[in-house]
Amino acid sequence: MVAQNKKAPAIQLEEISRIYQMAAGEVAALSKINLTVEQGEYMAVMGPSGSGKTTLLNLLGCLDQPSSGRYYLGGEDVSALPDDQLSEIRNRKIGFIFQSYNLIPELTVLENIEIPLFYRSHNDPDGLQRAVRLAEMVGLGSRLDHRPAQLSGGQQQRVAIARSLVNDPLIILADEPTGNLDSTTGQEILSVLHEMHRQGKTLVVITHDVSVAQHSSRTIHIVDGRIKG
Amino acid sequence: MMLPIFFQRNLEVGLKSLWHRRLRSLLTVLGIVFGVASVIAMLAIGEGASYEAQQRIKQMGSLNIIVRSVKPPAEAGKSSQPMGIDKYGLLKSDFYRLQTIPSLRQSAQLRRTRETVWQGEWSFPGQLVLTNPSYFQLVSLSLASGRLFNENDYLYRSNVAVLGAGLIQKLFPLGGGLGETVRVKRNYYRVIGILSDRSISGGGSTVSAENVNYEIYIPLSTGMSQFGEFIFKNEGGSVQREWVELHEIVMKAGRESDIPATVSLISAELKRSHKAADYEIMVPLELLKQAEQTKRIFNIVLGSIAAISLLVGGIGIMNIMLASVMERIREIGLRRALGARKRDIVIQFLSEAVILSAIGGAIGVILGIFIPALVTRATGMKTIVTVWSPILAFAISAAIGVIFGFYPARSAAELDPITALRNE
C-alpha cells in the first residue's frame with residue numbers, strides 16, 4: 001500500500017468528467033471538475049437536484065469511476081483501479097454516512113458498527129474495542145445489543161456515524177445526513193459531525209440544506225455539473 | 001492467513017441470515033431432505049432385494065448346471081402315448097451319457113414328487129426327493145444334526161431319510177426326530193439327518209429356489225424300487241398319468257470358465273436323443289449375471305427418480321436464494337460500499353445456499369437410514385444401507401447447494417453498488 005503522505009491533500013480532482021451514455025446521446029453529469037480538499041477540511045457540497053452532486057459523491061466514494069480526468073485520494077491515483085482494489089479503498093479510506101442510515105436490521109448495534117471490520121484484508125485485533133469505543137462516543141454504549149428497529153432515527157444515524165469511523169478512514173462522505181431527521185435531532189447529528197471535524201477528520205457533506213452547510217468550513221456549489229464558487 | 005478469516009466471516013453472515021428466516025429455510029430444504037432420503041432408502045431397498053436374489057441363486061450352486069424335465073407343450077387333441085400316459089423328460093441313460101463330459105466334476109440325478117409324509121398321527125405335504133449322495137455337496141446343503149446318506153446306503157438301498165428343518169418341525173412339533181421313523185405311502189424310513197434351516201426371508205424374488213425346508217431326501221436306489229416311475233396327478237377331478245424317469249440332473253463344472261462350453265456340450269448331447277423340447281437347461285451363474293444386470297437397471301431407474309427429486313430440491317434452493325438476493329439488494333449495496341469485494345458477496349450467498357442444502361442433506365441422511373429400517377419392520381423385506389450411499393447422497397446435496405446457489409450469488413455480486421444502494 002502506498003504510504004500516506006501527510007502533506008498530500010485528502011482529495012484532489014483534476015479535470016474530472018463523468019459522461020453517461022443515454023438514448024438521446026451523451027449527457028455530462030460532471031464536466032472538467034478541479035477540486036482540492038485538504039486533510040482536516042470540512043466541506044459542504046450544495047446544489048439543486050440534478051446538478052451532479054450525487055454523481056460527485058459516487059466518484060469521491062469510489063463507487064463510480066470518472067469518464068476522464070484524475071482522482072487522487074490521499075495522494076494515490078484511484079481513477080482507474082480494478083474493482084477489488086476499489087473495494088479495499090472504500091473499506092480503508094472512506095467512511096459513508098447515508099440519508100437513510102442503511103443499517104442491517106438483523107444485526108445489533110455493535111454488529112452493524114463492525115461490518116467494515118469484516119472486509120479488511122487483515123484481521124484487526126483492536127477492531128472490537130474500537131467499535132465499542134465509537135458506540136460510546138456517539139452515546140449508544142448502553143445499547144450495543146439493540147436492533148436498529150428499537151432505535152430512533154437519530155440514534156440509528158449515530159450508529160451509522162460510528163460505523164463510518166470504525167476503520168479510521170481518510171475521508172468521511174455524508175449524503176444528506178440529516179435529511180430524514182427533525183431539526184432538533186438533525187442539530188445533534190451535526191454537532192457530532194462538528195466534533196469529528198474538531199478531532200481532525202476530513203468531512204465532505206452533500207446537502208441542499210443551507211443550515212447544514214453553515215457548519216462547514218467551506219462550501220462549494222454545483223450547478224449543471226460545474227463548480228460555482 | 002487471509003483466506004480462512006474471509007471464509008469464516010462470510011459463512012457467519014450467511015448462517016445469521018438463514019437463522020433469521022429459519023421457517024422459510026426449513027421449508028425450502030424439504031426438497032433436498034426428501035431427495036436425499038429417497039436416494040438412500042431406494043438404494044437400500046434395491047440392494048436388499050438383489051442380495052436376496054443372489055443368495056437364492058447361490059444356493060443353487062454357482063458352478064452348477066441344472067437340467068430339468070419340462071412337459072412339452074401339448075399337441076392339440078392328441079395324446080402321444082396310448083392309455084393317456086404322458087411320457088416325457090430326462091432319462092437315466094441321459095444321466096450316464098452326460099457323465100462322460102470331461103469338464104464335469106460331480107453330478108446327481110433327482111426325482112421329485114409331492115408326497116405326504118407321516119409320523120404317527122402327524123402328517124405334512126412335503127417334497128419327496130430321490131437322489132444320489134453327491135447331491136448334498138452339489139447344492140451345499142448342511143446338516144443341523146445326524147448324518148447324510150452315503151454310498152453304502154445307496155448301494156444297499158437302505159430305508160433312510162434326511163429331512164428339512166421345516167418338515168421336522170411339522171412332524172415332530174415337540175422336538176427330536178433324529179432316529180425316529182417316518183412314513184411315505186407304505187414305506188417306512190429312519191430319520192438319519194436333519195438339515196439346517198435354509199429359509200430366505202421375504203418374498204417377491206425373481207428366482208424361485210426349491211423350498212429346501214420341506215423336503216425329504218431318500219436314496220434314489222431305495223425310492224426307485226418302491227415308488228416306480230409313474231406319477232399320478234389329480235387335476236380338477238380327472239386323473240392324469242405321467243411317466244417321468246428323472247426330474248432333474250445336477251452337474252458341477254470344474255471351473256467357471258468351463259461353464260459355457262459344458263452347457264453347449266450338454267445341450268448338443270440331449271438334442272440328439274430328445275425330439276421334443278422336454279427339458280430345460282438352467283445355469284445359476286447366468287441367472288446371477290442376469291440378476292446383476294437387473295440390479296444395474298434397477299439402480300439406474302431409482303437413481304434417475306432420486307436425481308429428479310434432488311433437481312427439484314435444487315430449484316427450490318435457487319428460488320429462495322434469488323428471493324433472498326432480491327430482498328437484500330440494499331444490504332448488498334451497503335456491504336459493497338463498506339468494502340465487500342464481489343467475491344465476498346458470492347461467498348456470503350453461496351455459503352448460505354450450501355449450508356441450506358447441507359442441512360437438508362444431513363436431515364435426509366438420517367431419514368434415509370431410518371426409512372429402510374421401517375420398511376424392513378413393516379414388510380419383512382431385506383434392506384441394506386451401504387456405507388457409501390449416505391456419503392454419496394450428502395455429497396450430492398452439498399454440490400446442489402453450490403450449483404444452484406451460484407447463479408443467485410453471482411447475480412448479487414454483479415449488482416451495481418450505486419443502484420443497489422438506491423433500491424427501495
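Two strands pair if DSSP finds at least two bridges between them. The views below are of a predicted model.

**View 1. The open sheet of 4 strands in chain A.** Strands β1 (residues 11–22) and β4 (residues 68–73) of chain A are joined by 5 bridges and run antiparallel. Within this pair, Ser17(A) has Ser68(A) of β4(A) opposite. The sheet is open, and its order in chain A is β2-β1-β4-β5, with antiparallel pairing. At its edges stand β2 and β5 (76–77) of chain A; each has a single partner strand, so one side of each lacks a neighbour in the sheet. Helix α1 of chain A, residues 53–60, lies across β1, β2 and β4 of chain A, and its direction is at about 120 degrees to β1(A).

**View 2. The open sheet of 6 strands in chain A.** Here the strand order is β6-β7-β8-β3-β9-β10 (chain A), and the pairing is mixed. The edge positions belong to β6 (94–97) and β10 (226–228) of chain A, each with a single partner strand, so one side of each is left without a neighbour in the sheet. On average, neighbouring strands of this sheet are turned by 25 degrees against each other, direction ignored. Strand β7 of chain A (residues 171–175) runs parallel to β6(A), and 4 bridges join the two. Across this pair, Phe96(A) is placed opposite Leu173(A) in β7(A). Helix α6 of chain A (residues 183–198) lies across β3 (42–46), β7 and β8 (202–206) of chain A, and runs at about 150 degrees to β8(A).

View 3. The loop between β2 (25–37) and β3 of chain A holds Gly40(A). Apart from neighbours within four places in sequence, Gly40(A) is in contact with Gly200(A) and Thr202(A). Ile19(A) is 21 residues from Gly40(A) in sequence, and the C-alpha atoms of the two are 30 Å apart in space.

**View 4. The contact between chain A and chain B.** Chain A contributes 21 residues to the contact and chain B contributes 19 residues. On the side of chain A that touches chain B, the elements giving two or more residues are α2 (83–93) and α3 (109–118) of chain A. Of the elements on this side, α2(A) gives the most, with 6 residues. Sorted by class, the side of chain A that touches chain B consists of 7 nonpolar, 8 polar and 6 charged residues.

**View 5. Helices α2 and α9 of chain B.** Two packed helices are described by the angle between their axes and the distance between the axes. For α2 (residues 22–59) and α9 (residues 284–327) of chain B, the angle is about 180 degrees and the axes are 8 Å apart. The helices α2(B) and α9(B) are therefore roughly antiparallel to each other, since angles over 145 degrees fall in that class. The contact of α2(B) with α9(B) has 18 nonpolar, 11 polar and 2 charged residues.

**View 6. Helices α11 and α12 of chain B.** Helix α11 (residues 342–379) and helix α12 (residues 388–413) of chain B pack with their axes 7 Å apart, at an angle of about 155 degrees. How are the two helices oriented to each other? Because of this angle, α11(B) and α12(B) are roughly antiparallel to each other. The crossing in which α11(B) passes α12(B) is right-handed. By class, 23 nonpolar, 8 polar and 2 charged residues make up the contact of α11(B) with α12(B).

**View 7. Two loop residues of chain B with positive phi.** Ser140(B) is in the loop between α4 (134–138) and β5 (143–146) of chain B. Its phi is near 40 degrees, a positive value in a residue other than glycine. Ser140(B) counts as exposed, because 12 C-beta neighbours lie inside 10 Å. Arg157(B) is in the loop between α5 (151–155) and β6 (160–163) of chain B. Although Arg157(B) is not a glycine, its phi is positive, at about 50 degrees. Arg157(B) has 16 C-beta neighbours inside 10 Å and so counts as partly exposed.

Conventions
Residues numbered from 1 in each chain as written. Chains lettered and ligands numbered in written order. Predicted model: local features only at pLDDT ≥ 70, side-chain atom pairs only at ≥ 80, totals over all residues. Axes fitted to C-alpha atoms, helices over the stretch in contact; angles between N-to-C directions. Parallel < 35°, antiparallel > 145°, perpendicular 65-115°, else oblique. Nonpolar A, V, L, I, M, F, W, Y, C, P; charged D, E, K, R; others polar. Contact = placed C-beta atoms within 7 Å. Left-handed = near helix turned anticlockwise from the far one by under 90°. Buried ≥ 20, exposed ≤ 12 C-beta atoms within 10 Å, placed from the backbone.
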